[in-house]
Amino acid sequence: MRKTVIAGNWKMNKTASEADSFLKELAPLVKGAKCTVIACVPFTDLTAAVKAAKRTNIKIGAQNLHFEKSGAFTGEISADMLVNLGVEYVIIGHSERRQYFNETDETVNLKIKAALAAGLKPIVCVGELLSEREDDITAEVLRRQIKIAFKGVSADEAKGIIVAYEPVWAIGTGKTATSEQADEACGVIRSCIASLYGKAVANKVVIQYGGSMNAKNAEELLSKPNVDGGLIGGASLKSADFSIIVAAAAK
Ligand code: PGA
C-alpha cells in the first residue's frame, strides 16, 4: 500500500568529490531495491550528487531551504534553486535546525508550502525532547508540530508529504526508540493527519522513523505497521550499512 522510503541525511558531511565517489559505490549495492532510496546531501554536493545518481534508483534531496522565492537573504537557498539542479526532496524542520538555527513550527510550515509550490517533496521532521517524553506529553508535542506544519496544505498536497518521526533524544546518541515507541508515535502522527484530512489521506502519508537507526535495528523498526521507512544519519555515511538498511526495508 505505502512504499517504504529509506532516506540518508548526510548532515554536514562529505565534500562534492566524496559525494560523487560515495554514490558511485552505493548505486550497485541498492540497485533493484523495493523501496524508495534517497540521499539528502549538503547544498554544495547537490550538483555532483544529481549527476552521480543519474540512471540509478537513488533520488537526491537537500537538507533545508528558505521559504521566500528570492531576495535579500544572504546565504540562503530557495526551492526554485533546488529544483533547477534536479533535486526532488528536501528535509524540513530537522531538530538540529530547530535547536541551532531557531526554526519554529511556523517557519517549518512556510518552508513546506514553498517546497510544495516549487514541486519539491518535503520530508518533514517532528519529534519530542527527552524532557517532553519524561513529562508524558509526547503525543501533544507531535500533534502541535503536525497541525502547524500542515496549516494551509491541501489534502492532495498532504498525500505527497513524508513525515519523519525523530525523537530528539535518539538522534546521534546511539539511543534508539524501541520499535513499540516508534510505532506508537508514528500512529499518533497518522491519526493526527486523519483528524485533519480523513483516513484515506492519512493512510497514504509515508511516516518514517529516525534516530540511531542502523544496520542492526532497522529490520525490527521497519517491521512495525506505522513505520514506513527511515531517516538515517550516521549509518547513511557508510555504503555497506546504508545498503543493509535498504535491504531490510524489503523484508
Ligand atoms: P542519526 O540521525 O541516525 O545519526 O541518529 C538521524 C537524523 O538526524 O536524521
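Which residue has an N or O atom in its side chain 2.7 Å from an oxygen atom of the ligand? In this predicted model, the residue is Glu-166, whose side chain places an N or O atom at that distance from a ligand oxygen. For Ser-212, by contrast, a polar atom of the backbone lies 2.7 Å from a ligand oxygen.

Turning to the helices, two packed helices are described by the angle between their axes and the distance between the axes. Helix H1 (residues 16-30) packs with helix H12 (residues 239-248) at an angle of about 30°, and their axes are 10 Å apart. Angles under 35 degrees count as roughly parallel, so H1 is roughly parallel to H12. On the H1 side, the contact is made by Phe-22, Glu-25, Leu-26, Leu-29 and Val-30, and H12 supplies Ser-239, Ala-240, Phe-242, Ser-243 and Val-246. Seven of these residues are nonpolar, two are polar and one is charged.

A second pair joins helix H7 (residues 138-149) and helix H9 (residues 179-197), whose axes cross at roughly 45° and come within 9 Å. H7 and H9 are therefore oblique to each other, and H7 passes H9 in a right-handed crossing. Ala-139, Leu-142, Arg-143, Ile-146 and Lys-147 of H7 meet Ala-185, Val-188, Ile-189, Cys-192, Ile-193 and Leu-196 of H9. This contact has nine nonpolar residues, no polar ones and two charged ones.

How values were computed
Residues numbered from 1 in each chain as written. Predicted model: local features only at pLDDT ≥ 70, side-chain atom pairs only at ≥ 80, totals over all residues. Heavy atoms only, no water. Axes fitted to C-alpha atoms, helices over the stretch in contact; angles between N-to-C directions. Helix = DSSP H or I, 4+ residues; strand = E, 2+ residues; numbered from the N terminus. Parallel < 35°, antiparallel > 145°, perpendicular 65-115°, else oblique. Left-handed = near helix turned anticlockwise from the far one by under 90°. Contact = heavy atoms within 4.5 Å. Nonpolar A, V, L, I, M, F, W, Y, C, P; charged D, E, K, R; others polar. Polar contact = N/O pair within 3.5 Å; in protein donor to acceptor, adjacent residues only side chain to side chain.
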